[in-house]
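Reader: I'd like to walk through this one with you, feature by feature. Could you give me the general idea each time, and then the case at hand?

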Amino acid sequence: MDELFLSLRGSFAKVAMGRVSLGREHNRRLAIHKLPPEVLSMIFKEAVPTWKYLKEMMRFDSSNNIATTSMTIAAVCSHWRSVALDCLALWSTIDFEKMKPKIVTLYRERSRGHPLILLSCDIF
């Protein structure tokens, strides 16, 4: 019985790995993945709200969270994650009011010396 169970578990693991490989191959063929990383980085930077935009939006909606966009971009797929992690500007805006200390540390580490934009409620 244990032998059968181990065999089935091994088979399920192979199927799961095959699904991951197929998914990556599918993603690799999408048009967005044919863009050079530099162009994709530019698109990512445009997606992240600037501090000026956030300052204006805070007047109407205090729920805006700058961490959401960068983290979401980095979670789409392994290719986007790789490009996002190399795009230091995505991680350079830190909002002390909305980010937990762990996320602030993560952003500081990922910005790797890129000039930081620090936000707090005093700015608004």
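Reader: Let's start with the contacts in the chain with a separation of 6 or more: what percentage of them do residues 24 or more positions apart account for?

Author: Contact here means heavy atoms within 4.5 Å. On that count, residues 24 or more positions apart make up 57% of the chain's contacts with a separation of 6 or more. Before going further, keep in mind that this is a predicted model, where local features need pLDDT of at least 70 and side-chain atom pairs count only at pLDDT 80 or more, while totals for chains, interfaces and linings use all residues. Residues are numbered from 1 along each chain as its sequence is written, and side-chain values use heavy atoms, with hydrogens and water left out.

Reader: Where in the chain is confidence lowest, and where is it highest?

Author: The number to read is pLDDT, the predictor's confidence in each residue, from 0 to 100. Its mean over the chain is 80, with 82% of the residues at 70 or more. The lowest confidence is in helix 3 (residues 51–58), at a mean of 60, and the highest is in helix 5, at 93.

Reader: How many helices and strands are there in the chain?

Author: Helices (H or I, at least four residues) and strands (E, at least two) are DSSP runs, numbered from the N terminus. This chain has six helices and two strands. Read from the N terminus, the order is α-α-α-α-α-β-α-β.

Reader: Now the packing. At what angle do the axes of helix 2 and helix 5 cross?

Author: In general, two packed helices are described by the angle between their axes and the distance between the axes. Axes are lines fitted to C-alpha atoms, for helices over the stretch in contact, and angles run from 0 to 180 degrees between N-to-C directions. Here, helix 2 (residues 37–47) and helix 5 (residues 78–86) have axes that come within 10 Å and cross at roughly 80 degrees. That makes the two helices roughly perpendicular (angles under 35 degrees count as roughly parallel, over 145 as roughly antiparallel, 65 to 115 as roughly perpendicular and the rest as oblique).

Reader: Which residues meet there?

Author: From helix 2 come Pro-37, Leu-40, Ser-41 and Phe-44, and from helix 5 come His-79, Trp-80, Val-83 and Ala-84. By type, the residues of this contact are six nonpolar, two polar and no charged (Ala, Val, Leu, Ile, Met, Phe, Trp, Tyr, Cys and Pro count as nonpolar, Asp, Glu, Lys and Arg as charged, and the others, Gly among them, as polar).

Reader: How many residues does the largest nonpolar core have?

Author: A nonpolar core is a set of buried Ala, Val, Leu, Ile, Met, Phe, Trp, Tyr and Cys residues joined through side-chain atoms within 4.5 Å. Buried means under 20% relative accessible area, exposed over 50%, partly exposed in between (1.4 Å probe, protein chains only). The largest core has 16 residues, and those with the most contacts inside it are Phe-44, Trp-80, Ala-84, Leu-90 and Trp-91. Helix 2, helix 4 (66–74), helix 5 and helix 6 each supply at least two residues of this core, and helix 5 gives the largest share, three residues. Over the chain, buried residues make up 24% of the 124 residues.

Reader: Take Trp-91: is it buried or exposed?

Author: Trp-91 counts as buried because its relative accessibility is 0%. You'll find Trp-91 in the loop between helix 5 and strand 1 (93–95). Leaving aside neighbours within four places in sequence, its contacts include Ser-70, Met-71, Tyr-107 and Leu-116.

Reader: And what does Ser-70 touch?

Author: Ser-70 is in helix 4, and it is buried, with a relative accessible area of 0%. Not counting residues up to four places away in sequence, Ser-70 touches Val-48, Leu-90, Trp-91 and Tyr-107.

Reader: Is Asp-86 buried or exposed?

Author: Asp-86 is in helix 5 and counts as exposed, at 54% relative accessibility. Its C-alpha atom is separated by 9.8 Å from that of Glu-38, 48 residues apart along the chain.

Reader: One backbone item to finish: what is phi of Arg-112 near?

Author: Phi of Arg-112 is near 40 degrees, a positive value in a residue other than glycine. Arg-112 lies in the loop between helix 6 (101–111) and strand 2 (117–119). The C-alpha atoms of Arg-112 and Trp-91 are separated by 8.8 Å, with the two residues 21 apart along the chain.
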